[in-house]
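I opened this entry to keep track of what I looked up, one topic at a time. My plan was to begin with the whole chain and then turn to single residues.

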Amino acid sequence: MNAEIIAVGSELLLGQIVNTNARFLSRQLAELGINVFYHTVVGDNPDRLKNAMGIARERADLIIFTGGLGPTKDDLTKDTIAGQLGKQLVLDEEAMRSIELYFEKTNRVMTENNRKQALVIEGSTVLKNEHGMAPGMFLTTADNKFMLLPGPPSEMEPMFLKYGQQAIEGMTGNQSKIESRVLRFFGIGEAALESEIEDLIDQQSNPTIAPLAGDGEVTLRLTARDDSKDTAQALIDRVEAEIMDRVGEYFYGYDETSLMIELSKLLKNKNLTVSAAESLTGGMFQQELSSISGASSLFKGGLVCYSNEAKIGIVKVNPETIERYGAVSGECAEELAMNAAALTNSDIGISFTGVAGPESLEGHPPGTVFIGLHVKGQPVHSEKLSLSGSRTAIRKRAVKFGCQIMINRLSGTRKQ
């Protein structure tokens, strides 16, 4: 069975919000053994929605619409689909009562247009909305199956998981299981990684290997299909082992993790605390680390020392260090790291100093970065990086390299 996902909403086309619904639904459908070959986004226009629906009916068995089920005039999804299928909209009493109860509980007056949200296409299976007002729908015609879901992810996702998935399970007649695993790599470019495993990509069939680059990282999604979940996992295990033999030194984690998450796990396991002194990154390392649940047990604090005066006055860098070597130097980075740890009584101190651009600084071109790392009981160390990209990209990548450098030091590995 093939599916198409049609997202309705002019705000998507204008870039005001990101279409995360398509990503969520594609993953869920893959687990059900349903292929998604097309994602379509259409604005709040009935003629264009009719056209998109007509194209989808020719190439997909299952068509899932998200958005356009609300009370306003531009919420036209179910009206348009009903008209195309020659069906009427009818009032769903249970949905109507749920909407009325919502307004009663919130002491608000319900306007008449909210009744529109309780209208459903006749003959459809109604999917309850337990996190909002507009219900979803599922209906079947001779050639296609249709599912209508609300646009807000907070409503759409639980509705699909509890009711939508149940409505379409077993439709495919195919009992094969699809298993996926994402391998995450850092410190190697997409082209370099692909060249190392080019023969595996060329030979792929089951499992498939899908590379994806973004934010200085490279991911490989391995996907296998088999009647047995265990067999599908074994197929992935075999290919993963081959990949790791070639580029395993750059691997840092699976699926939805991040370098900062992996670093926090390592710090917790080793019962270590960390502090930071940030010039170039302006607090980005600390912000990302402190956003992780449980960070209070491992993050002592830090300092943002953008100016030389702050480096000297707050972080206590020796003025002679800056005068002799410059603020953009390994020597300065090392003092910043040591002093950050000392000032906060942390086991580890990390620092970031460099040139984000667009102009050069102290004779260094944009992208020059020094990361200092001090671990209690070990010699202080600094690494020089030459990064490319925009000012923002350089700063983000510097933070990721800082995580990687610390992970390597604490786990006893070194990647240059």
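The notes below go from the overall chain to its cores and then to a few individual places.

**Overall chain.** I noted at the start that this is a predicted model. I looked up the secondary structure and found 15 helices and 17 strands in the chain. Along the principal axes, the C-alpha atoms fill a box of roughly 80 × 55 × 40 Å. The chain has 416 residues, and 49% of them count as buried. I then checked the contacts with a separation of 6 or more, and 67% of these come from residues 24 or more positions apart.

**Surface and charge.** I recorded 42 positive and 54 negative side chains, with the centres of the two sets lying 4 Å apart.

**Cores.** Which residues touch the most other members of the largest nonpolar core? I found that this core has 36 residues, and that Leu267, Phe285, Ile348, Ile350 and Met406 hold that place. The elements that give two or more residues to this core are helix 10 (259-269), strand 13 (274-278), helix 11 (284-290), strand 15 (348-354), strand 16 (368-375) and helix 15 (391-411). Of these, helix 15 gives the most, with 9 residues.

**Asparagine 339.** Is this residue buried or exposed? I found that Asn339 is buried, because its relative accessible area of 17% falls under the 20% cut-off. Asn339 lies in helix 14 (residues 330-344), and, apart from neighbours within four places in sequence, it is in contact with Val315, Lys316 and Val317. A polar atom of the Asn339 side chain lies 3.0 Å from the backbone oxygen of Lys316.

**Aspartate 143.** I located Asp143 in the loop between strand 7 (136-140) and strand 8 (145-149). Asp143 counts as exposed, because its relative accessibility of 61% is over the 50% cut-off. I also looked up its separation from Leu62, which is 81 residues away along the chain, and the two C-alpha atoms are separated by 9.3 Å.

**Backbone details.** Where did I find cis peptide bonds? One runs from Asn206 to Pro207, with omega near 15°, and Pro207 is found in the loop between helix 8 (198-202) and strand 10 (208-214). Another runs from Gly357 to Pro358, with omega near 10°, and Pro358 has its place in the loop between strand 15 and strand 16.

I also looked at phi angles, and noted that Asn107 has a positive phi of about 55° although it is not a glycine. Asn107 sits in the loop between helix 5 (93-105) and strand 5 (119-121), where it is exposed, with a relative accessible area of 72%. For Asn345, which is not a glycine, I likewise recorded a positive phi of about 55°. Asn345 lies in the loop between helix 14 and strand 15, and it is exposed, with a relative accessible area of 61%.

Key
Residues numbered from 1 in each chain as written. Predicted model: local features only at pLDDT ≥ 70, side-chain atom pairs only at ≥ 80, totals over all residues. Heavy atoms only, no water. Helix = DSSP H or I, 4+ residues; strand = E, 2+ residues; numbered from the N terminus. Buried < 20%, exposed > 50% of the residue type's maximum accessible area, 1.4 Å probe, protein only. Contact = heavy atoms within 4.5 Å. Lys, Arg positive; Asp, Glu negative; His and termini not counted. Charge placed at Lys NZ, Arg CZ, Asp CG, Glu CD. Core = buried A, V, L, I, M, F, W, Y, C linked by side-chain atoms within 4.5 Å. Polar contact = N/O pair within 3.5 Å; in protein donor to acceptor, adjacent residues only side chain to side chain.
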